[in-house]
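This report goes through one protein chain, from its overall fold to selected side chains. Please keep the sequence and coordinates at hand while reading.

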Amino acid sequence: MLKKKEILFSKEEIDNAVENIARKVSEEYSGGELLIVGVLKGAFIFMSDLIRKVHGVDIIVDFVILRSYGSSTTSSGEVEVVKDLHGPVEGRDILVVEDIVDTGVTLKFFKDQLLRRGPKSVKICALLDKRARREVEIDVDYVGLLMDDGFVVGYGLDCDENYRNLPEIWVLEEEE
Ligand code: IMP
């Protein structure tokens, strides 16, 4: 198991970032109904914090599990829906909640899938954005924190299923 090296984002920085996104979402969808779709497993902590900070919006939650093929620290371009949404999408305002956008392949695949099902709108929110690594074009409507390259864990993010429970976001030691 790769060792953790140092904290990249503290609890306070994460909390502020989540608060900022929640404020914008509350403004944008004020008085309406929003289907929030969490991409499991990585987004589960971020999503649970986010939805408790959104006010004045009726929220419904649903979850998907997407698998992108690759090694434990990279994705390759092939995406599979392992668990699909439980409820209907047609005519709804949807906000997809993702832990981190890296190449963008996973979210582009999923957004295109959702758009084919006739929603009223689809927006994307990600806690972390490794923008410099983007390989496909995808608009991320709400971004929490920008970061450079490097593999991070904690606050829901894992490395081979480890470290999801860390309250901060950590950088791992490089593989030797
Ligand atoms: P993308 O399709 O390349 O944008 O990859 C997105 C997915 O890769 C995320 O949902 C994560 O599951 C995973 N991922 C990318 N970078 C990291 C990282 O630094 N730590 C943990 N998971 C990551």
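## Overall fold

The model is predicted. Its protein chain has three helices and nine strands, and from the N terminus on the elements run β-α-β-α-β-β-β-α-β-β-β-β. The radius of gyration is 16 Å, close to the 16 Å that the globule rule gives for 176 residues, so the chain is as compact as a globular protein of that length. Along its principal axes, the C-alpha trace spans about 50 × 35 × 25 Å.

Of the 176 residues in the protein chain, 44% are buried. The chain exposes about 9300 Å², and carbon and sulfur atoms supply 45% of that area. Among contacts with a separation of 6 or more, 69% are between residues 24 or more positions apart.

## Helix 1

Helix 1 covers residues 11-28. At 1.5 Å a residue, its 18 residues should span 26 Å, and the end C-alpha atoms are 26 Å apart, which agrees.

The buried residues of helix 1 are Ile14, Ala17, Val18, Ile21, Ala22, Val25 and Ser26. An α-helix has 3.6 residues a turn, so residues three or four places apart point the same way.

## Helix 3 and Lys111

Helix 3 spans residues 105-115 and contains Lys111. Buried in this helix are Val105, Thr106, Leu107, Phe110, Lys111, Gln113 and Leu114. The buried residues of helix 3 pack against strand 2 (33-40), strand 3 (58-68), strand 4 (79-83), strand 5 (93-101) and strand 6 (121-129).

## Salt bridges

Side chains of opposite charge can pair when their charged atoms come close. The count for this model comes to 16 salt bridges.

Arg67 and Glu80 form one of these, with their closest N and O atoms 3.4 Å apart. This pair links distant parts of the chain, as Arg67 is in strand 3 and Glu80 in strand 4, 13 residues apart. Arg67 counts as partly exposed at 40% relative accessibility, and Glu80 counts as partly exposed at 31%.

## Two further pairs and a network

Lys120 and Asp93 meet in a salt bridge at 3.5 Å, N to O. Lys120 lies in the loop between helix 3 and strand 6 and Asp93 lies in strand 5, so the pair ties together parts that are 27 residues apart in sequence.

Asp149 forms a salt bridge with Arg133, the closest N and O atoms being 3.7 Å apart. Here too the pair links distant parts of the chain: Asp149 is in the loop between strand 7 (142-146) and strand 8 (152-153), and Arg133 is in the loop between strand 6 and strand 7, 16 residues apart. Asp149 counts as exposed at 54% relative accessibility, while Arg133 is partly exposed, with a relative accessible area of 25%. Elsewhere, salt bridges that share partners join Lys41, Asp158, Glu161 and Arg164 into one network.

Methods:
Residues numbered from 1 in each chain as written. Predicted model: local features only at pLDDT ≥ 70, side-chain atom pairs only at ≥ 80, totals over all residues. Heavy atoms only, no water. Helix = DSSP H or I, 4+ residues; strand = E, 2+ residues; numbered from the N terminus. Expected span 1.5 Å × (residues − 1). Buried < 20%, exposed > 50% of the residue type's maximum accessible area, 1.4 Å probe, protein only. Rg over C-alpha atoms; globule rule 2.2 N^0.38 Å. Contact = heavy atoms within 4.5 Å. Areas by Shrake-Rupley, 256 points an atom, 1.4 Å probe, with all protein chains shown as cover. Salt bridge = Lys/Arg side-chain N within 4 Å of Asp/Glu carboxyl O.
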